[in-house]
2 protein chains.
Amino acid sequence: MKKYKVGILGATGAVGAEMIKILAQRNFPISELVPMASANSAGKTLPYSDRTFTIVEAKPEAFEGLDIVLGAAENDIAEKFAPAIKQAGAVFIDNSSAFRLCDDVPLVIPEINGEDIFTHKGIIANPNCTTIVTLMAVKAISDISPIETMVVSSYQATSGAGIAGPAELLAQSKAIAEDKPIPAAKVFQYQIAYNVIPQIGGFGDNGYSSEEMKLQNEGRKIMHLPELKVTCTCVRVPVIRSHSVSVQLITKEKVTPLEAKQAIAAFPGCVLEDDTTQSIYPMPLLTSDQDLIFVGRIREDLTNPRGLALWSCGDQIRKGAATNAVQIAERLIGGAK
Amino acid sequence: MKKYKVGILGATGAVGAEMIKILAQRNFPISELVPMASANSAGKTLPYSDRTFTIVEAKPEAFEGLDIVLGAAENDIAEKFAPAIKQAGAVFIDNSSAFRLCDDVPLVIPEINGEDIFTHKGIIANPNCTTIVTLMAVKAISDISPIETMVVSSYQATSGAGIAGPAELLAQSKAIAEDKPIPAAKVFQYQIAYNVIPQIGGFGDNGYSSEEMKLQNEGRKIMHLPELKVTCTCVRVPVIRSHSVSVQLITKEKVTPLEAKQAIAAFPGCVLEDDTTQSIYPMPLLTSDQDLIFVGRIREDLTNPRGLALWSCGDQIRKGAATNAVQIAERLIGGAK
């Protein structure tokens with residue numbers, strides 16, 4: 001079996017660390033792992049399976065000889081190194097939003113549009129975490145009848161802001177429990193402990209945040225639904241891990257709740273967690289540190305006869321980021337069907 | 001100036017205690033205050049302004065001679081004592097959901113349908129807390145053009161479940177901070193610390209919780225919009241106090257965001273808190289322990305040209321319950337305009 005030289009750009013962040021964990025868990029065929037980070041972290045070692053790899057400084061020469069680079073860095077870093085990665089002949093599977101909407105870059109959730117991978121020209125983009133949690137939940141419905149519109153409100157975990165997010169939440173909560181001064185907000189705009197903040201990313205002229213526009217823009221591309229319309233409200237909540245979404249959607253033709261439930265239960269990567277008589281529904285505590293998207297509270301929308309409402313939760317660091325990127329790599333090396 | 005004998009049914013609960021505080025704060029013309037609770041609490045004293053009142057056991061004779069009874073008890077208690085309150089000739093302003101949808105009981109938010117108070121036949125109902133926070137935010141828009149549909153997702157504070165709600169949240173958070181065993185969930189279905197729970201109330205056959213149906217059913221009555229359609233998803237979040245709602249609404253004729261903002265800013269009881277360039281928007285931490293409903297994130301809906309999206313927060317114990325009831329009493333004694 002062929003083995004691959006895999007680089008991780010941004011190996012010390014929340015997503016990068018999770019990518020390394022998941023590569024090992026899924027037994028990805030690796031001959032060499034090259035974790036890359038800023039000069040500050042270079043030289044430190046990282047355990048991987050029964051081996052140890054040393055973090056190298058991310059610079060153009062570092063990509064030479066690699067087959068695949070998984071990107072877990074911010075947009076500016078992704079943009080800076082993309083030419084060198086291409087130059088080195090590696091495929092760049094990038095989790096930043098820098099290239100997601102570029103025409104020549106496939107944007108992929110493998111369960112939804114895995115075949116798009118093979119149109120790549122050196123870069124494959126990993127979608128936004130809330131986009132992944134939402135689309136995984138609704139794709140099975142859209143396969144019955146295409147989704148025309150969605151109204152989505154999110155409940156996003158602090159770890160979506162990186163390792164420092166949960167640390168800030170826990171430090172503030174601890175100070176409140178001990179009746180000490182509450183540490184000032186640094187990661188979030190305001191205190192997140194016992195609060196919710198309706199801002200993720202910066203705001204555009206239309207009043208929507210960058211995070212809120214991603215679901216429509218990325219959803220259109222991934223679902224191959226160029227007319228899809230989405231109104232999204234993204235809200236940070238004092239949760240450690242796993243994003244939740246409340247979704248109302250309208251399909252071209254009516255889909256019943258029963259049809260939706262059956263389709264979701266059969267959809268790869270989804271778990272139907274839906275029995276209101278037993279208080280069974282998705283919750284972030286249930287979906288943390290695993291790869292499946294839980295979907296429940298499926299019911300008829302009361303505002304439109306072609307509408308459905310549902311609730312979904314998923315670990316945004318795993319399926320919402322790291323696992324999805326590793327799945328893309330697996331599909332890439334497996335070849336087109 | 002005439003003064004009134006006022007009873008508080010359920011004086012020791014979160015809402016009852018707040019009612020007593022608010023009667024004093026607003027200098028309600030009281031000649032006598034009769035706090036009522038179960039036999040367990042009878043005999044204890046409560047401070048009120050510069051006086052002290054003794055809690056009496058709630059029983060039919062206790063209502064004799066009262067002018068107004070503010071109800072802060074559960075449905076069964078409200079139903080049990082309503083006949084005795086009527087018999088005593090007092091007006092029952094009840095915060096339970098027992099009578100809200102009865103034809104001969106006005107359901108009132110004074111800023112919205114205050115005149116309905118004067119159709120009462122002994123009982124006036126106080127709406128659900130999430131209904132009040134949402135309708136206060138959207139009524140000014142509906143006055144420009146009637147709202148046809150709303151899709152609402154709530155972020156409801158633990159104090160909506162009574163005094164024991166925040167206590168459970170804080171105890172669980174403290175245990176997690178101290179790395180001790182997490183106290184079991186008693187008030188909520190599951191652990192609420194660092195979690196969100198998409199269930200408030202029991203579920204009906206249509207898959208909606210009782211809390212979720214209130215917004216449509218009560219909204220129709222309060223807004224005098226019998227055709228109003230609402231899809232609601234009610235979610236408990238780890239917040240101490242103040243509910244938040246994410247609202248998408250569709251009006252009969254298009255209302256622009258600017259028109260909506262101007263109307264909301266001018267609406268009594270509302271504060272426009274809306275400047276995304278400065279990260280100014282409502283948050284539960286801002287709206288706790290005061291009476292105004294904050295509204296922001298007002299923008300065009302992207303799914304419907306007649307749609308708007310907005311975000312609103314309000315203290316559900318005050319304007320969402322106790323203050324609204326006291327405002328009804330004030331309007332009642334002030335007489336019809």
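## Close-up views of a two-chain predicted model

View 1. In chain A, 14 residues of domain 1 are in contact with 19 residues of domain 2, contact being defined as C-beta atoms, placed from the backbone, that lie within 7 Å. On the side of domain 1 of chain A that touches domain 2 of chain A, helix H3 (110-113) and helix H9 (318-334) each supply at least two residues. The residues of that side of domain 1 divide into seven nonpolar, five polar and two charged. Here Ala, Val, Leu, Ile, Met, Phe, Trp, Tyr, Cys and Pro count as nonpolar, Asp, Glu, Lys and Arg as charged, and the others, Gly among them, as polar. Domain 1 of chain A covers 4-127 + 321-334, and domain 2 covers 131-316; such bounds come from an automatic or database domain assignment. The C-alpha centres of the two domains of chain A lie 25 Å apart. Helices (H or I, at least four residues) and strands (E, at least two) are DSSP runs, numbered from the N terminus.

This is a predicted model, in which local features need pLDDT of at least 70 and side-chain atom pairs count only at pLDDT 80 or more, while totals for chains, interfaces and linings use all residues. Residues are numbered from 1 along each chain as its sequence is written, and chains are lettered from A and ligands numbered from 1 in the order in which they are written.

**View 2. Chain B touches chain A.** Contacts link 48 residues of chain B with 48 residues of chain A. On the side of chain B that touches chain A, the elements that each supply at least two residues are strand S9 (147-155), helix H5 (164-177), strand S10 (229-233), strand S11 (243-251), helix H8 (284-287), strand S13 (293-300) and strand S14 (307-314) of chain B. By class, this side of chain B has 24 nonpolar, 18 polar and six charged residues.

**View 3. A:Pro198 has contacts in both chains.** A:Pro198 is in the loop between H5 and H6 of chain A. A:Pro198 counts as buried because it has 26 C-beta neighbours inside 10 Å; a residue is buried if 20 or more other C-beta atoms lie within 10 Å of its own, exposed if 12 or fewer, and partly exposed in between. Neighbours within four places in sequence left aside, A:Pro198 is in contact with A:Thr233 and A:Val235, and also with B:Tyr281, B:Arg297 and B:Trp311. A:Tyr155 is 43 residues from A:Pro198 in sequence, and their C-alpha atoms are 9.4 Å apart in space.

**View 4. Helices H4 and H7 pack in chain A.** H4 (residues 129-144) and H7 (residues 257-266) of chain A pack at an angle of about 120°, with their axes 8 Å apart. That angle makes H4(A) oblique to H7(A). Axes are lines fitted to C-alpha atoms, for helices over the stretch in contact, and angles run from 0 to 180 degrees between N-to-C directions. Angles under 35 degrees count as roughly parallel, over 145 as roughly antiparallel, 65 to 115 as roughly perpendicular and the rest as oblique. From H4(A), A:Ala140, A:Ile141, A:Asp143 and A:Ile144 meet A:Glu259, A:Ala260, A:Ala263 and A:Ile264 of H7(A). The residues of this contact of H4(A) with H7(A) are six nonpolar, no polar and two charged.

View 5. The axes of H4 (residues 129-144) and H9 (residues 318-334) of chain B come within 8 Å and cross at roughly 95°, so H4(B) and H9(B) are roughly perpendicular to each other. B:Cys129, B:Ile132, B:Val133 and B:Met136 of H4(B) make this contact with B:Lys319, B:Gly320, B:Ala321 and B:Asn324 of H9(B). The axes of H4(B) and H6 (residues 210-223) of chain B come within 10 Å and cross at roughly 45°; H4(B) and H6(B) are therefore oblique to each other.

**View 6. Two residues of chain A have positive phi.** A:Asp179, although not a glycine, has a positive phi of about 60°. A:Asp179 is in the loop between helix H5 (164-177) and helix H6 (210-223) of chain A, and is exposed, with 6 other C-beta atoms within 10 Å. A:His224, also a residue other than glycine, has a positive phi near 60°. A:His224 lies in the loop between H6 and strand S10 (229-233) of chain A, and counts as exposed with 12 C-beta neighbours inside 10 Å.

How values were computed: Contact = placed C-beta atoms within 7 Å.
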